[in-house]
Amino acid sequence: MRLVSYRSPAGPRVAGVRDDGLVDLHQTDQRFPCCMKALLQRGEPLLALADEILQRGKAFPADSVELLPPVPNPEKVLCVGANYADHAAESGMAPPEEPILFSKFPSALSVDGAPIVLPRNSQEVDYEAELVVVIGKPGRHIPRDQALEHVAAYACGNDVSARDWQLRKPGGQWLLGKTFDTFAPFGPALVTADEIPDPGNLEIQLRLNGQTMQQSSTRHFIFPVDVLIAYVSDVCTLLPGDLIFTGTPPGVGFARKPPIFLKPGDTVEVDIEKIGVLRNPVVAEEPTGS
Ligand code: ZN
């Protein structure tokens, strides 16, 4: 099943994706939770109900509503650095011996079709195609062999990165360069985990203005999804709706000679097998801001 969030007069709501449009699942059946986090937490039995509700609900056109990030309000947006050996090499790094974790603020989240806004104070904004893991069942100290039971869904993500801020600003941390507003588009919908039994064997591609820039497979992960979940949950409790951006394959713009950075008018597409295409236009920040 494919799920999105949209803005309704009553607040953020979950909708199922059907060929003829979106179906508000809570409006169709009040037994169904209206918000994505509650849905993700309740797992398989609720998904079976969702399927039945989706079939009998009344569809409306997707473009008649404002889509929100599929999980509009996650507590954590975790990201993994250098998780493909060949991307680590192009970035001048040795393959890490343990996962490298950083984060983005939820305010960076964005949705399919929404513009990536190039900040006035960066000249080096880059793309990164990534598989995004969406946590369902909460847990701490999750064993590796049970880790995938804690995944509710997957999505495409773009770990947009201001390289000048990430690599050269004082402090040596990555957070600010990774967390400008609009720097974490994900979608186009959440695809429930029952449709993706093996997240470690998915073709992943990024196209910039139709030209393929990244082309790989998640089978080249240094740390697969179950290892990442076990590792992170030894530090902090994973909660329903938490997101893990799992790292990007080679082909990013800053490692190219000459480098390629995003510019106004560009279109970036992240395409992952079994999930779909996340498409975002690129615009310049308005001169005045707010
Ligand atoms: Zn990344």
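Reader: On what basis are the residues numbered and the values computed?
Author: Residues are numbered from 1 along each chain as its sequence is written, and side-chain values use heavy atoms, with hydrogens and water left out. As the model is predicted, local features need pLDDT of at least 70, side-chain atom pairs count only at pLDDT 80 or more, and totals for chains, interfaces and linings use all residues.

Reader: Which residues are the protein donors of the zinc ion?
Author: Donors are N, O and S atoms within 2.8 Å of the metal (3.2 Å for Na, K and Ca); water is not among the atoms, so sites may look incomplete. Along the chain the donors follow the spacing E-x1-E-x28-D. They lie 1.9 to 2.1 Å from the zinc ion and are Glu-128 (OE), Glu-130 (OE) and Asp-159 (OD).

Reader: How many residues apart are Glu-130 and Asp-159, and which parts of the chain do they link?
Author: Helices (H or I, at least four residues) and strands (E, at least two) are DSSP runs, numbered from the N terminus. Glu-130 is in strand 10 (residues 129–135), whereas Asp-159 is in the loop between strand 11 (151–158) and strand 12 (161–162). The pair links distant parts of the chain, and the separation is 29 residues.

Reader: Is Asp-159 buried or exposed?
Author: Buried means under 20% relative accessible area, exposed over 50%, and partly exposed in between (1.4 Å probe, protein chains only). Contact means heavy atoms within 4.5 Å. Leaving aside neighbours within four places in sequence, Asp-159 is in contact with Phe-102, Lys-104, Asp-126, Tyr-127, Glu-128, Glu-130, Lys-178, Phe-183 and Phe-245. With a relative accessible area of 0%, Asp-159 is buried.

Reader: Which helix gives the most to the lining of the second largest pocket?
Author: On a 1 Å grid over the protein atoms alone, a pocket is an open set of points with protein on both sides within 12 Å along at least five of seven lines, where a 1.4 Å probe fits; lining residues have an atom within 4 Å of a point. Strand 5 (77–81), helix 3 (85–90) and helix 4 (163–168) each supply at least two residues of this lining. With three residues, the element that gives the most is helix 4.

Reader: Of the residues that line the second largest pocket, which are the closest to its centre?
Author: The second largest pocket has a volume of about 160 Å³, where grid points are joined across faces, edges and corners and a volume is the space filled by probe spheres set on the points. Of the 19 residues that line this pocket, the closest to its centre are His-87, Ser-91, Met-93, Gln-166 and Trp-174.

Reader: Why is helix 6 described as largely enclosed by the rest of the structure?
Author: The cover over its buried residues includes strand 5, strand 6 (100–104), strand 10, strand 11 and strand 16 (243–245). Among the buried residues of helix 6 are Val-225, Leu-228, Ile-229 and Val-232. Helix 6 (residues 225–233) is largely enclosed because its buried residues number eight of the nine.

Reader: Which backbone oxygen does the side chain of Arg-140 reach?
Author: Arg-140 is in the loop between strand 10 and strand 11 and is partly exposed, with a relative accessible area of 41%. Leaving aside neighbours within four places in sequence, Arg-140 is in contact with Ser-233, Asp-234, Val-235, Cys-236 and Thr-237. At 3.1 Å, the side chain of Arg-140 reaches the backbone oxygen of Asp-234.

Reader: What is omega for the cis peptide bond that joins Gly-187 and Pro-188?
Author: Most residues other than glycine have a negative phi, and most peptide bonds are trans. Gly-187 is found in strand 13 (residues 184–192) and is buried at a relative accessible area of 0%. For the cis bond that joins Gly-187 and Pro-188, omega is about 5°.

Reader: Where is Pro-258, and what is omega for the cis peptide bond from Lys-257 to Pro-258?
Author: Pro-258 is in the loop between strand 16 and strand 17 (267–272). The peptide bond from Lys-257 to Pro-258 is cis, with omega near -5°.

Reader: What is phi of Lys-274?
Author: Lys-274 is in the loop between strand 17 and strand 18 (276–284) and is partly exposed, at a relative accessible area of 46%. Its phi is positive in a residue other than glycine, near 70°.

Conventions:
Polar contact = N/O pair within 3.5 Å; in protein donor to acceptor, adjacent residues only side chain to side chain.
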